[in-house]
Amino acid sequence: MSFILEARDINYSYPATDAQALRGLNLRIPSGKKIALCGHNGSGKSTFFLHAIGIHRPAAGGMLWKGEPFSYRQDDLRTLRRQVGLVFQDPEQQLILSTPYEDVSYGLRNAGVPESDISLRTAHILASMQLTSLADKPIHHLSLGQKKRVALAGVLVLAPELLLLDEPTAYLDRASEQQLLAELDRIHAQGMTVVMATHDMNLAYAWADWVLVMDRGTCVMEGTPAEVFAQEETIVSLGLELPLLLDLWQAVPERLRRDAAPPRTAEAFKRFLLEQREAWEFLNI
Ligand SMILES: Nc1ncnc2c1ncn2[C@@H]1O[C@H](COP(=O)(O)OP(=O)(O)OP(=O)(O)O)[C@@H](O)[C@H]1O
Ligand SMILES: [Mg+2]
């Protein structure tokens with residue numbers, strides 16, 4: 001497994017605070033995966049993301065991009081931020097201009113995209129985030145969920161190699177969440193590594209193919225969703241909950257589950273139950 005981004009032994013405290021937000025953080029982002037970054041409030045997820053684009057600088061330890069230590073020179077940071085896109089937890093921190101169309105096209109202009117491509121790419125990403133009808137509406141008139149989608153569009157349109165999303169589904173309704181996940185799957189299939197910080201363990205379990213868990217400024221678990229969530233006691237002791245599907249799966253008698261892999265979607269679970277029912281009916285049980 002190769003790692004696109006790594007944090008090594010990072011300590012970090014916010015100015016004028018005593019508590020360490022990151023303490024000896026070692027965390028590795030595997031290339032090409034869909035990664036869920038989990039952890040209770042204040043465990044350091046957002047602080048790690050801000051290190052990943054060089055906004056915060058570690059007090060000790062270092063960040064690596066494709067095995068190379070970060071350089072904090074202004075032009076190297078600019079290059080890094082073209083490769084790593086961060087969608088902030090709070091969209092207010094991200095949106096600069098007055099309408100979705102202006103905000104998204106500004107990012108492209110800033111990245112040096114030729115003027116002739118800008119309107120096409122902007123229109124395309126706004127359409128894929130279901131924002132076309134809001135394109136010219138003042139941003140301060142948008143709902144929080146709509147602002148989150150605009151902030152996402154503004155980063156997605158720049159097609160970074162590594163996409164970091166801080167709680168992207170918070171405030172999104174079910175339809176917007178499904179659209180976002182479909183869009184993420186599409187860009188992931190084109191080769192982008194996607195990391196999502198989330199409190200939604202059901203989403204982490206169903207969506208991710210790699211899970212990282214942070215606790216008090218360190219990374220305490222890493223592995224596939226099946227590996228990580230199999231450690232039920234640890235998950236619960238870290239203030240997280242077991243994904244609902246896995247919890248229900250464990251209520252299925254073991255002799256029925258046998259070697260079957262735990263289902264990751266409700267549809268797969270339903271299929272399993274229907275198969276069992278057919279087998280019972282066949283046996284006249
Ligand atoms: N701007 C700040 N100034 C001072 N302390 C901060 C600041 N931002 C975060 N912290 C502290 O740093 C620690 C890590 O916070 P961080 O925001 O990284 O956690 P998080 O895992 O993203 O939490 P959440 O799930 O609530 O978003 C917390 O103890 C928090 O209080
Ligand atoms: Mg956070």
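User: How far apart are the closest N and O atoms in the salt bridge that Arg73 forms with Asp75?

Analyst: The model is a predicted one, and the distance is computed from its atoms. Arg73 counts as exposed at 52% relative accessibility, whereas Asp75 is partly exposed with a relative accessible area of 37%. A salt bridge requires a side-chain nitrogen of Lys or Arg within 4 Å of a carboxyl oxygen of Asp or Glu, and the closest N and O atoms of Arg73 and Asp75 are apart by 3.1 Å.

User: Glu183 and Arg186 meet in a salt bridge; is Glu183 buried or exposed?

Analyst: Both residues lie in helix 6 (residues 174–189), 3 residues apart, which is about one turn of the helix, and their N to O distance is 2.9 Å. Arg186 counts as partly exposed at 37% relative accessibility. The cut-off for the buried class is under 20% relative accessible area, and because Glu183 has 6% relative accessibility, Glu183 counts as buried.

User: By how many residues are Arg277 and Glu281 separated in helix 12?

Analyst: Arg277 forms a salt bridge with Glu281, with 3.7 Å between the closest N and O atoms. Arg277 is partly exposed at 46% relative accessibility, while Glu281 is exposed with a relative accessible area of 51%. Helix 12 spans residues 266–282, and the separation of Arg277 and Glu281 within it, about one helical turn, is 4 residues.

User: What is the phi of Lys66, roughly?

Analyst: Lys66 is found in the loop between strand 4 (60–65) and strand 5 (68–69), and counts as partly exposed at 45% relative accessibility. Its phi is positive, in a residue other than glycine, with a value near 50°.

User: Which residues gather with Glu232 in a patch of negative charge on the surface?

Analyst: Glu232 has its place in helix 9 (residues 232–237) and is partly exposed, with a relative accessible area of 33%. Patch members need over 30% relative accessible area and no salt bridge. The residues that gather with Glu232 in this patch are Glu233, Glu241 and Asp247.

Note on methods
Residues numbered from 1 in each chain as written. Chains lettered and ligands numbered in written order. Predicted model: local features only at pLDDT ≥ 70, side-chain atom pairs only at ≥ 80, totals over all residues. Heavy atoms only, no water. Patch = residues over 30% accessible without salt bridge, like charges linked within 9 Å, V, L, I, M, F, W, Y side chains within 5 Å. Areas by Shrake-Rupley, 256 points an atom, 1.4 Å probe, with all protein chains shown as cover. Lys, Arg positive; Asp, Glu negative; His and termini not counted. Charge placed at Lys NZ, Arg CZ, Asp CG, Glu CD. Helix = DSSP H or I, 4+ residues; strand = E, 2+ residues; numbered from the N terminus. Buried < 20%, exposed > 50% of the residue type's maximum accessible area, 1.4 Å probe, protein only.
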